[in-house]
There are 2 protein chains.
Amino acid sequence: MSERRIVALAGGVGAARFLSGLVQVAAPSEITVIVNTGDDRDFFGLRVCPDLDILTYTLAGRIRADTGWGLEGDTFACLEQLRRFRDDTWFQLGDRDLATHLHRSERLRQGATLSEVTREITLAFGLEIELLPMSDEPAATMLVRSGGERCDFEEYLVRDGAPDDIREIDLSAARSARPAPGVLEAIAGAERLLVCPSNPVVSIGTIRAVAGVEEQLRARGDAVAVSPLIGGAPVKGPVDRLLPAFGVEVSSTGIAELYLPIAVGMLIDEADRDEAAGIEALGLRVRTAVSLMRTPEIAATLARAALELADEAAGA
Amino acid sequence: MSERRIVALAGGVGAARFLSGLVQVAAPSEITVIVNTGDDRDFFGLRVCPDLDILTYTLAGRIRADTGWGLEGDTFACLEQLRRFRDDTWFQLGDRDLATHLHRSERLRQGATLSEVTREITLAFGLEIELLPMSDEPAATMLVRSGGERCDFEEYLVRDGAPDDIREIDLSAARSARPAPGVLEAIAGAERLLVCPSNPVVSIGTIRAVAGVEEQLRARGDAVAVSPLIGGAPVKGPVDRLLPAFGVEVSSTGIAELYLPIAVGMLIDEADRDEAAGIEALGLRVRTAVSLMRTPEIAATLARAALELADEAAGA
């Protein structure tokens, strides 16, 4: 294992799989992950942080395999009982999962920051890797539908099933949020900077929107990004339905344009090798790899390829 | 079923069993129960109201039979998971049970009163009987141990196992709490007033301590109380360890003296028939009955006996 200080920007499921590969090829104690909190919201008075929890549970080996979120073997007795009282029970909070949200919510109410309670939770799950929320302040991504109604990301994705009706993505909350302590310092001090295969708009774009983060990323300009697309389509999530609202083409090339100001290289799937020349013409180094992370071995190989590309770009 | 307007003062398990008898011999829609909230407290940021919940679950036929608290068939996945984060997990909150506390806590944070959310919860459980919290304001009973330390009732009863070391019972919070809307009116307007077989100090005594309640009860002076003792000992709970701290003898006679200012009659267990003459000498009408409520039929018989004694005292 190398001891390079690695910083990765991350969303949820795709990032979690990639990072579970990265911790096999780099020391977890040398990795800091800056995590999107734009999808966070309250359910039943409890603070739920979907991306932080997906990363924590995945890296702890406790993630529910069939969904990529929630805890393996979890039950839903509380949620079923809640239906007795209310009809807003569309977000699947398992009984074990609730413990995380209960503990976090009480600590936040006691005055702890999200960074502090995230550290407590990751330590309780035995993680050595550092997960930093992008901000300790509210930064909810809001979506504007074709009819003009606004909703938050979980309402769009989970409640409504991610329909193809997004007119605008409003990152203004992230723009007025200050980065959590350590975020700018981690980016500035990293030896290698990676962008996980996450949604470039509502995951990575939200992190970039936080005050000061984009400037710090551009000052380096040496990130290596892993495209979340395979054959021009997302493995999971609504990235193909959200890129157009951002004026971005649904392709690794479109995403490369989005990452150009902060990146030096990009890993794309072998299925998208036709795009390599075009992305190189934009000025990025490109490698192709198998990016569907069906096994921990494939995830490790993908992470190693990303690190090698970053090493190469750094002339190491 | 008679249609008399009945008001009952109630604590937890004993009261719940008695009331499940009362609803068999009187119309539930004509019964108002004024419930002790001195044992309420927060666990993990959730408001837990043990007596209100025991009564709700029992009257809904959903109570866990082996304990007298919690929901039948409940699981404890969330609580077990919480142990990952903290060591204050001594209060047994089941997964289904948590739904009640989650819903109540969010509604309270939204500004609903405990009375309002109690009505919502009892309706959601299909109850026709009215449960009124004694107060919508905090009214925690505090106990002073022999060493001088203070603790709340659940810490004493559940965390510490109700040891015999109570020097003082502090009802000052209840004394400065205002009665919930409808409490004084219910007492004033009742046709029959019953005191359930509950702890005379930390359940009934707490209700009596709420500002204005004792005056209203004394103005009537016609309550019929059911002794919580059988053979001079409690069926459940630490009443024998708490009465001495209140300067009260552990016997139905001791309890009769405590109830004398508000009562006209008392139902005592057949095992305590020796005490009947002494209690009558105090000025109360006395009946003996089987008060160990092992079956719904026994509970109904006991409730009928209490109502008959109240009718008789009223000259009905």
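In which hand, right or left, does α4(A) pass α5(A)? The crossing of α4(A) past α5(A) is right-handed, a word used when the near helix is turned clockwise from the far one by less than a right angle, whereas anticlockwise gives left-handed.

This is a predicted model, in which local features need pLDDT of at least 70 and side-chain atom pairs count only at pLDDT 80 or more, while totals for chains, interfaces and linings use all residues. Residues are numbered from 1 along each chain as its sequence is written, and chains are lettered from A and ligands numbered from 1 in the order in which they are written.

Helices (H or I, at least four residues) and strands (E, at least two) are DSSP runs, numbered from the N terminus. The axes of α4 (residues 95-109) and α5 (residues 114-124) of chain A come within 10 Å and cross at roughly 145°, where axes are lines fitted to C-alpha atoms, for helices over the stretch in contact, and angles run from 0 to 180 degrees between N-to-C directions. Residues are in contact if their C-beta atoms, placed from the backbone, lie within 7 Å.

| Helix | Contact residues |
|---|---|
| α4(A) | A:T100, A:R104, A:R107, A:L108 |
| α5(A) | A:L114, A:V117, A:E120, A:I121 |

Between the chains, 21 residues of chain A are in contact with 21 residues of chain B. On the side of chain A that touches chain B, α4(A) gives the most, with nine residues.

Chain B holds an open sheet of seven strands in the order β5-β2-β1-β9-β10-β13-β14, with parallel pairing, and strands pair if DSSP finds at least two bridges between them. Its edge strands are β5 (130-133) and β14 (285-289) of chain B, each pairing on one side only.

Definitions and conventions: Contact = placed C-beta atoms within 7 Å.
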